[in-house]
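User: Could you walk me through the pockets and the ligand in this one?

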Amino acid sequence: MTAPRPVGPADVQPIVADEDVVRVRQLVRSVAVAARLSLVDQTKLVTAASELARNTLTHGGGGLVEVDTVTDGRRTGVRVSFVDEGPGIANVELALTDGYSTGTGLGLGLSGTRRLVDEFEIETKPGRGTRVMAVKWAR
Ligand SMILES: Nc1ncnc2c1ncn2[C@@H]1O[C@H](COP(=O)(O)OP(=O)(O)OP(=O)(O)O)[C@@H](O)[C@H]1O
Ligand SMILES: [Mg+2]
């Protein structure tokens with residue numbers, strides 16, 4: 001599989017308060033519409049982005065999102081990358097398990113997100129922070 005590469009500049013938005021999660025949803029929706037994702041795929045990506053934004057805020061202590069349109073040479077897609085400098089995730093495999101939460105959530109955010117998108121990557125360093133990247137391709 002060819003790595004997604006950007007088609008244009010990324011939109012960057014801070015995630016430091018509740019209302020930023022709403023703004024992330026609106027941004028991701030509009031970029032997904034422009035990239036011609038189907039309505040169902042737009043909604044899957046917006047739902048995924050919403051969960052990841054919420055994690056950046058609650059678990060990561062705030063951070064930012066980068067949203068851009070990407071291509072693999074054949075398809076166009078939308079990539080969302082959530083970045084924070086929070087505590088990191090000690091055990092990524094465990095964090096991706098349905099029902100695992102260190103907080104009061106259902107622990108379905110990360111595992112559900114992974115199922116909603118086409119590409120999904122977590123880079124994290126304990127004590128340094130977390131970067132979660134997801135791509136949804138137009139089909
Ligand atoms: N950005 C992050 N920084 C640090 N830890 C994180 C981050 N994102 C997720 N985690 C860890 O991974 C766990 C699982 O995340 P997940 O989103 O699946 O569940 P949750 O946020 O606890 O609950 P839910 O999303 O269902 O409300 C979290 O409880 C937390 O420990
Ligand atoms: Mg969550």
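Analyst: Here is a quick chat about the pockets and the ligand site. This is a predicted model, where local features need pLDDT of at least 70, side-chain atom pairs count only at pLDDT 80 or more, and totals for chains, interfaces and linings use all residues. Residues are numbered from 1 along each chain as its sequence is written, ligands are numbered from 1 in the order in which they are written, and side-chain values use heavy atoms, with hydrogens and water left out.

User: What volume does the largest pocket have?

Analyst: About 660 Å³. A pocket here is an open set of points on a 1 Å grid over the protein atoms alone, where a 1.4 Å probe fits, with protein on both sides within 12 Å along at least five of seven lines; lining residues have an atom within 4 Å of a point. The volume is the space filled by probe spheres set on the points, which are joined across faces, edges and corners.

User: Which residues are closest to its centre?

Analyst: Asn55, His59, Ile89, Thr102 and Leu110, out of 31 lining residues.

User: And which element gives the largest share of that lining?

Analyst: α2, with six residues. Elements supplying at least two each are α2 (39-58), β4 (76-84), α3 (92-95), α4 (109-116) and β6 (129-137). Helices are DSSP runs of H or I with at least four residues, strands are E runs of at least two, and both are numbered from the N terminus.

User: Where does ligand 1 sit?

Analyst: In the largest pocket, meaning more than half of its atoms lie within 2 Å of the pocket's grid points. The ligand is surrounded by 18 residues, and the closest are Asn55, His59, Ser101, Thr102 and Gly107. A residue counts as near if one of its heavy atoms lies within 4 Å.

User: What polar contacts does Ser101 make with it?

Analyst: A polar side-chain atom of Ser101 is 2.5 Å from a ligand oxygen. Backbone atoms also take part: Leu110 at 2.9 Å and Gly109 at 3.2 Å, each to an oxygen of ligand 1. A polar contact is a pair of N or O atoms within 3.5 Å.

User: Switching over, what lines the second largest pocket?

Analyst: Its lining includes Val83, Asp84, Glu85 and Arg128, and the space is about 150 Å³. β4, β5 (119-125) and β6 give two or more residues each.

Definitions and conventions
Polar contact = N/O pair within 3.5 Å; in protein donor to acceptor, adjacent residues only side chain to side chain.
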